[in-house]
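I opened the notebook to look up the fold, the surface and the charges. My entries follow the model below.

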Amino acid sequence: MRAFSQPIMEAALKASNEVNAETAAVNADFKRVLDSMQAFRNDAYFWWQVAEYSYDTFMIRSRPRA
């Protein structure tokens, strides 16, 4: 398995953001949930960068090579 390339990931994110914006424009409940989820995600990224990212990166580098 291989990760998707950066251009593919960027295109997928752009398409997802466009669909979310279109849906939020016509569905107030969706917009409320999306806004809440995005606010939580943005706050959580700070913790993730400090705690989880460092640990995951360490574990990936430390795994045995077969």
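I took helices (H or I, at least four residues) and strands (E, at least two) as DSSP runs, numbered from the N terminus. The model is predicted, so I kept local features at pLDDT of at least 70 and side-chain atom pairs at pLDDT 80 or more, while totals for chains, interfaces and linings use all residues. I number residues from 1 along each chain as its sequence is written, and side-chain values use heavy atoms, without hydrogens and water.

**Fold**

I looked up the secondary structure and found 2 helices and 0 strands. The radius of gyration is 17 Å, well over the 11 Å from the globule rule for 66 residues, so the chain is more spread out than a compact globule. I took that radius over C-alpha atoms; the rule is 2.2 Å times the number of residues to the power 0.38. Along the principal axes, the C-alpha atoms fill a box of roughly 50 × 25 × 15 Å.

**Surface**

I set buried at under 20% relative accessible area, exposed at over 50%, and partly exposed in between (1.4 Å probe, protein chains only). By that cut-off, 5% of the 66 residues count as buried. The chain exposes about 6,200 Å², and carbon and sulfur atoms supply 63% of this area. I used Shrake-Rupley areas with a 1.4 Å probe; for residues, only the protein chains shown count as cover.

I then checked Phe4. Phe4 sits in the segment before helix H1 (6-26) and is exposed at 60% relative accessibility.

Asn42 came next. Asn42 lies in helix H2 (residues 28-62) and is partly exposed at 40%. From Asn42 to Ser5 I read 23 Å between C-alpha atoms, with the two 37 residues apart along the chain.

**Charges**

Which side chains pair? I counted a salt bridge when a side-chain nitrogen of Lys or Arg is within 4 Å of a carboxyl oxygen of Asp or Glu. The structure holds 2 of them.

Lys14 and Glu18 form a salt bridge at 2.8 Å, N to O. They are 4 residues apart in helix H1, about one helical turn. Lys14 is exposed at 54%, and Glu18 is partly exposed at 37%.

Asp35 forms a salt bridge with Lys31, with the closest N and O atoms 2.7 Å apart. These residues are 4 apart in helix H2, again about one helical turn. Asp35 is partly exposed at 36%, as is Lys31 at 38%.
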